[in-house]
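Hi,

Here is the structure I promised to pass on. Have a look when you get a minute, and my notes follow below.

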Amino acid sequence: MKIQTSLVALALLAAPAAAAADCQMNELLELPVVMQGLRPTVPAKVNGADARFVLDSGEYESWVTSGAAARLRMRATLEASDYRIESAGGAPMTTARTLTLGSMTFKDAAFQIDDGRAAQGVDGYIGQKLLKVADVDYDLKGGLVRLLRPAGCGDQPLAYWLKPGESFGVANLSSGGVYGTDATATARINGVDLKVGFDTGETVSVLTLAAAKRAGISPGDPGVVKADVVISDGKGVQLWTAPIKSFEFGGEEVRDTRLRISATDLFG
């Protein structure tokens with residue numbers, strides 16, 4: 001599956017439709033992707049030093065660990081030397097004089113410092129604040145991520161990778177949230193339409209308890225069993241796994257699968 005997102009008009013394409021002849025896909029950069037578990041990671045250079053980040057379509061800010069900030073010689077925001085300057089959201093901030101992704105270099109790129117979500121083998125996450133400079137094509141199966149700027153394409157599906165005879169499905173996405181970076185669409189679960197979001201930084205799909213009940217599923221139903229307890233905002237949150245008769249999205253249907261249910265909205 002390829003996911004292509006734009007902050008103005010977003011479209012998720014399971015497979016593409018042919019683009020018109022006057023539609024030009026201007027590629028800004030191409031990055032090789034290495035999957036760390038189920039998270040896409042890409043190489044980068046920070047202040048000239050090698051680094052690796054998760055691309056996170058579900059986060060606005062980018063962040064690094066305190067250890068990575070020190071190793072990469074990132075400077076604290078304002079004049080502090082210990083990375084304790086507070087951002088509007090209460091997180092310490094630091095800045096990369098240069099952040100290079102492929103052929104593009106960002107100057108004075110801001111990062112939050114967050115050791116609570118540290119992941120082995122990566123220095124941090126890159127969010128939409130940096131990615132929004134262009135449309136992003138997540139070709140995770142092909143091992144690539146591209147930043148593109150379409151021209152003359154209008155609202156047609158962007159299908160530069162289509163091969164003759166391939167079929168396609170399209171799901172219309174919208175952007176919202178405080179910064180306009182949330183990618184959401186409508187999926188049908190057990191015949192009920194539900195709003196769903198897309199987050200490359202997360203490894204599991206989760207229904208809220210309220211959404212599960214709308215789809216006719218509740219803890220205690222046959223086949224619904226307790227799963228992990230995860231920590232969110234310092235509190236333990238119970239998860240369940242539940243049988244799903246039908247999951248429909250973008251013209252495709254998966255039958256007899258399972259999804260997790262959360263007692264609270266983990267990603268809201």
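This is a predicted model: local features need pLDDT of at least 70, side-chain atom pairs count only at pLDDT 80 or more; totals for chains, interfaces and linings use all residues.

Leaving aside neighbours within four places in sequence, which residues is L99 in contact with? They are A44, K45, V46, F53, M104, T105, F106, A109, F111, I126 and L130, where contact means heavy atoms within 4.5 Å.

Numbering runs from 1 along each chain as its sequence is written, and side-chain values use heavy atoms, with hydrogens and water left out.

Now the core. The largest nonpolar core has 31 residues, a nonpolar core being a set of buried Ala, Val, Leu, Ile, Met, Phe, Trp, Tyr and Cys residues joined through side-chain atoms within 4.5 Å. V46, F53, M74, L99, F111 and I126 have the most contacts inside it. Strand 10 (residues 104–113) gives the most to this core, with five residues. There is also a second, separate core of 13 residues, including A215, I217, I244 and L259.

On the whole chain: DSSP runs give three helices and 20 strands, counting helices as H or I of at least four residues and strands as E of at least two, numbered from the N terminus. Of the 268 residues, 42% are buried (under 20% relative accessible area; exposed is over 50%, partly exposed in between, with a 1.4 Å probe and protein chains only). Among contacts between residues at least 6 apart in sequence, 58% join residues at least 24 apart.

Then the charges. I get ten salt bridges in the whole structure, each a side-chain nitrogen of Lys or Arg within 4 Å of a carboxyl oxygen of Asp or Glu. In one of them, R71 pairs with D123, with the closest N and O atoms 2.9 Å apart. That pair links distant parts of the chain, 52 residues apart: R71 is in helix 1 (residues 66–71), and D123 is in the loop between strand 10 and strand 11 (124–126). R71 is partly exposed at 45% relative accessible area, while D123 is buried at 13%.

R146 is buried at 11%, D137 at 0% and D139 at 10%. Shared partners join E27, E30, D137, D139 and R146 into one salt-bridge network.

Cheers
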